[in-house]
Amino acid sequence: MFGQMLSVQWKWSRWSVLLLSLAVIVVAIWSISVDLQNSLEMQSGLAQRLEAANGWYHTLVWVGGFLLAMHAWRTDHAGRHVYALSLPIPRHRFVLYRYVSGLLFAGLIVLTLWLAALVATSMIEVPPGLNAYPTGLALRIGVALLATYALFFAVWSATPRTGYYVAGILILFVVVNSLSPTPVGNVLQSGLSALWSGLGFEHIMTGRWFLIDV
Amino acid sequence: MKRLCIGLGSLMLIAVDARVMAQSTESQRMRVETLEQSWRAMNRTRSRGVVPSPRATDTTRAGALVVLSEPELTPLVRYAAPQAWQLLLDSFGAGARVLETIDIVYVLQAGEGSQPGHDLILMQSYRTPDTQRGFGSGTISRERAELGRGIAHNVAGQIVGAVGLPSWMWGVAITEPRERRFLANAFIELATAKDSLTRSCAEGNSSGCQRFLELDQPEKMPLSDPPGGSSRLTQVFRHIRGPLLRVTLRTGGVDARRRLEGTADRNLGERLATAAGVPIDSLMTLWRSEVTRRPVSSVPTTRSVLGLALISLIVLGVSTRRPVRR
């Protein structure tokens, strides 16, 4: 049963997975393709390139989490869950299969990134004093992708209307509180921040995702 | 008259503090006298319209940090001052106690017409043992989470000023993730520089670092471009040498200042090594470790993984319980 669901979900997700895999390969190679031999004074630009790639990785992690979760649920929503009801398995197992399938696709993207990072760093001579972190980078991005996937999976598992309500309320809260801070708003914002950092997401999402670093 | 009473009241609050009581009568008298003079100097400056009128009456003490504040700000200050002191200890170690050797008073108050969430004004007036008087003020955020950091940044400048190295006044920040990120980027610039001398420093060559950081010559103002340098290299240089003073104070402790004072005629490297009480090569190793300390662990923390596991379970639970539309 899991194999069949995986196969179906792969058909929905494959183009996103392939595009994201291609994107991480390009970013990984681009981030260190600097001519270190012909750098001008301090103008090698490696630090700036790595910093820019760091931003791209963050973007890809959020987009990737969103797309993988969307593909897991969108067709079910469109088909009014008839497919889910037609399967001879309880709902909790159905949800678990959907979730794990998405995780496997996320793992595929991370594996691609790891291989690309290994190949890219093996093709250049890492400057003395610095180190290459292909595995560390893949691991960190993998955990971050897992986090964003889990968050978006929860949102997409609800009806689209509920998802719009949740997103709308959050956006409204952030906008209103930034324009006119209130004690209640500040307390709520502090609570969200505490939850965010308390669960360790701060470490996951604000890390330094550099392929070559100190 | 009212302001004089408030000023004297604040001074009395400081004077009866346990730490001051522990000093000798003579040093206590001198400290109170100096604080009083500082306060008057601040009032004179205020009368010229430079800063708003001080209305501080409450005293908050955290380590060697003393902050006077208006009563309505006192709960905020009592929350932020220990955080600020902890940040200073993290950055300068025992060297942060150099604040105890200068007579300095900080006054925190709301800016004129300020609204909740707007900036506060932090004023400081101090007098060093060589009778030089200093005064400064700056705005810091009222945000509860930011206030401690804002105070620490201001006080860090005072600590640098107290050790008498004017060319370091700009560029020594407190240790925090954002600063670590800048430092790590600066080190990457260092390691990929075209100039071999600069690069050798990143490779761990102590002599290269001493030349790059201009430690083989007396301190000079203003800073020039370092060897093989460009304006960009100068920016990196200014940023990356800040941790050197931090590790010097951290290693040398509160006596670092005293040791530094007797070496004014020697080159900068010798002065800092003497202040730290370690050989210059060891100081270079400590500096390099400080600069290259990674901002965040390269692997996810246990809490992150546990948080993820928890959120995944919640997600699955919520998704499973959702009623299916029929």
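How many helices and strands does chain B have? Chain B has 14 helices and five strands.

**Figure 1. Overview of the two chains in a predicted model.** Local features need pLDDT of at least 70 and side-chain atom pairs count only at pLDDT 80 or more, whereas totals for chains, interfaces and linings use all residues. Residues are numbered from 1 along each chain as its sequence is written, and chains are lettered from A and ligands numbered from 1 in the order in which they are written. Chain A has eight helices and two strands. Its elements run α-α-α-α-β-α-α-α-α-β from the N terminus. Helices (H or I, at least four residues) and strands (E, at least two) are DSSP runs, numbered from the N terminus. Of the 214 residues of chain A, 37% are buried; in chain B, with 326 residues, the share is 41%. Buried means that 20 or more other C-beta atoms, placed from the backbone, lie within 10 Å of the residue's own. Among contacts with a separation of 6 or more, residues 24 or more positions apart account for 81% in chain A and 61% in chain B. A contact requires C-beta atoms, placed from the backbone, within 7 Å.

**Figure 2. The largest nonpolar core has 122 residues.** Such a core is a set of buried Ala, Val, Leu, Ile, Met, Phe, Trp, Tyr and Cys residues joined through C-beta atoms within 7 Å. The residues with the most contacts inside it are A:Ile141, A:Leu211, B:Leu65, B:Ala84, B:Leu88 and B:Phe187. Helix α5 (residues 134-157) of chain A gives the largest share, 14 residues.

**Figure 3. Strands β1 (residues 58-62) and β2 of chain B pair in the antiparallel sense over five bridges.** Pairing requires at least two DSSP bridges between the strands. B:Asp58 stands opposite B:Ser69 in β2(B). The two strands form a hairpin with two residues between them. In the turn, B:Gly63 has a positive phi of about 60 degrees. Five of the five residues of β2(B) (residues 65-69) are buried, so this strand is largely enclosed by the rest of the structure. B:Leu65, B:Val67 and B:Ser69 lie on one side, B:Val66 and B:Leu68 on the other.

**Figure 4. Helix α4 (residues 74-92) of chain B bends by about 25 degrees at B:Ala80.** The bend is the angle between axes fitted to the seven residues ending there and the seven starting there. A proline, B:Pro82, follows within four residues. Buried residues of α4(B) include B:Val77, B:Ala84, B:Trp85 and B:Leu88. B:Leu88 touches B:Ala96, B:Ala152, B:Val155, B:Ala156 and B:Ile174, not counting residues up to four places away in sequence. Just after the helix, B:Gly93 takes a positive phi of about 60 degrees.

**Figure 5. Helix α10 (residues 242-252) of chain B is mostly covered.** Eleven of its eleven residues are buried. Among them are B:Arg246 and B:Arg250. B:Gly253 follows the helix, with a positive phi near 70 degrees.

**Figure 6. B:Leu272 lies in helix α12 (residues 268-276) of chain B.** B:Leu272 is buried, with 31 other C-beta atoms within 10 Å. Leaving aside neighbours within four places in sequence, B:Leu272 is in contact with B:Leu215, B:Leu244, B:Thr248 and B:Leu283.

Technical notes
A residue is buried if 20 or more other C-beta atoms lie within 10 Å of its own, exposed if 12 or fewer, and partly exposed in between; C-beta atoms are placed from the backbone. Two residues are in contact if their C-beta atoms, placed from the backbone, lie within 7 Å.
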